[in-house]
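Please look over the structure below before reading the notes that follow.

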Amino acid sequence: MKKKILSVLSLGLGILVSTISFSACKIDRPLHIWSQDWSSNNVYHWHACTDNGCPAKDEATIAKHEFELISTDKAATCSAEGKGRYKCSVCGYEKDDVIEKLPHSLTLTSTLLAPSCISPGLGNFKCTVCGESVKEQTIEPTGAHIYGSSYLNDENNHWHKCIADERCTAIDAVAPHKAGLARTTQPNGWLDGKIDTPCGDCGYIMKTEVIPNKKAPVSYDLQFTAGGTTVSLIPGEEEYDGKPTYKINLVAGTVYKTQLVNAVNADGEELNLAADISWFIGTGTDTHGLRVYLRNDRSGSETLIEKYSTYGGITWGNNSSDINFIVSKGEYTVIFRYQTGINDNNYHTGSIRVEHVVRITAA
Ligand SMILES: [Zn+2]
Ligand SMILES: [Zn+2]
Ligand SMILES: [Zn+2]
Ligand SMILES: [Zn+2]
Ligand SMILES: [Zn+2]
């Protein structure tokens, strides 16, 4: 009886002890002792607990196999899979599996959309190995930029831009500006002159120096001549538009030349002022009605100046300093205007200008 109790007791103790050690391994993770060898299934490998019957896996080691092809039974082509043996490079697990098809060796057969340097195109291809057609596949961008010969610039540099694709931002040959030949524009009596220093490559104006304009004439003579005889101007009593007027008696049908001569400014500079505009503002009669003809002595053509025309302009150009004109019988009021910069559209502003209002009586 005593013996039986003891053996039951020792059996109980034994169960208790083994239960305790088993539980500690299973529950309390630091007590697992991980194998240095790999365990695996067909997908994963891991380090297992060395305790027999303990199902724990070292989670830090669980990973998918990393298969490498170690031998080929049947080589893959671009049209058929192959067959080979793979081995995990970590745990050594091996398996047989297919070898994926090789990519086709494509050659372009027709271009549907040409690629640019940065944009893909679209084309039909054919495999040079198996002959299979592959339609509407991407054609890789060419990467070949084409740089224009014209320059873009900012205040410091110039460069060429790729012109192969308008969305391409590739630039080439970025370089700082380099001073080229200076360009001088002389003052013309109306606009200041300037000396521009452009970049010799791109034309960017790197520097501008102003050459101040000439000053207006302080003295000049307005002459009317016909057949070598000068007709004298008589100061008039009336005013036109706040300006003094002059009177002159002319012979109808005769060609008169009017010139502005000896125009000198306060700096003593002689100014070549060109005849610009005259317009008829008075009354008079001739065979054509109320009209004055002014004749261009270069071309010989006659220009009709209408009565009350606000712009009866005659422009002979910068180098012409005289007007030839014919009047019919009658009385006319004409503004003879000489100014610089007459080829510019804004001649009304700032130009050196001389105006004479002349009352012509032609008999
Ligand atoms: Zn364990
Ligand atoms: Zn493995
Ligand atoms: Zn192929
Ligand atoms: Zn480009
Ligand atoms: Zn430049």
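**Briefing on the predicted model**

In this predicted model, β4, β5 and β6 form, in that order, an open sheet of three strands with antiparallel pairing. Because β4 (67-74) and β6 (94-99) stand at the edges with a single partner strand each, one side of each is left without a neighbour in the sheet. From one strand to the next the twist averages 35 degrees, where axes are lines fitted to C-alpha atoms, for helices over the stretch in contact, and angles run from 0 to 180 degrees between N-to-C directions. Strands (E, at least two residues) and helices (H or I, at least four residues) are DSSP runs numbered from the N terminus, and two strands count as paired if DSSP finds at least two bridges between them.

**Conventions**

- This is a predicted model in which local features need pLDDT of at least 70 and side-chain atom pairs count only at pLDDT 80 or more, while totals for chains, interfaces and linings use all residues.
- Residues are numbered from 1 along each chain as its sequence is written, and chains are lettered from A and ligands numbered from 1 in the order in which they are written.

- Strand β5 (residues 82-88) pairs with β4 in the antiparallel sense over six bridges; among the partners in β5, Cys88 is bridged to Phe67, and Lys87 to Glu68.
- Of the eight residues of β4, the number buried is zero, so this strand lies largely in the open; a residue is buried if 20 or more other C-beta atoms lie within 10 Å of its own, exposed if 12 or fewer, and partly exposed in between, with C-beta atoms placed from the backbone.

**The sheet β7-β8-β9**

- Another open sheet of three strands, again with antiparallel pairing, has the order β7-β8-β9.
- Here β7 (106-113) and β9 (133-139) stand at the edges, each with a single partner strand, so each has one side without a neighbour in the sheet; the twist averages 35 degrees from one strand to the next.
- Five bridges join β8 and β9 in the antiparallel sense, and the bridge partner of Lys126 in β9 is Ser133.
- Phe125, which lies in strand β8 (residues 121-127), is buried, with 20 other C-beta atoms within 10 Å.
- Not counting residues up to four places away in sequence, Phe125 touches Leu106, Thr107, Leu108, Thr109, Val134 and Gln137, a contact being two C-beta atoms, placed from the backbone, within 7 Å.
- The C-alpha atoms of Phe125 and Ser110 are separated by 7.0 Å, and the two residues are 15 residues apart along the chain.

**The largest nonpolar core**

- The largest nonpolar core has 10 residues in all, including Phe224, Tyr256 and Val358; such a core is a set of buried Ala, Val, Leu, Ile, Met, Phe, Trp, Tyr and Cys residues joined through C-beta atoms within 7 Å.
- At least two residues of this core come from each of β19 (243-250), β25 (330-339) and β26 (353-362), and β26 gives the most, with four residues.
- Leaving aside its neighbours within four places in sequence, Val358 is in contact with Tyr246, Ile248, Val334 and Phe336.

**The protein as a whole**

- The protein has one helix and 26 strands, and buried residues make up 16% of its 363 residues.
- Among contacts in the protein with a separation of 6 or more, 51% are between residues 24 or more positions apart.
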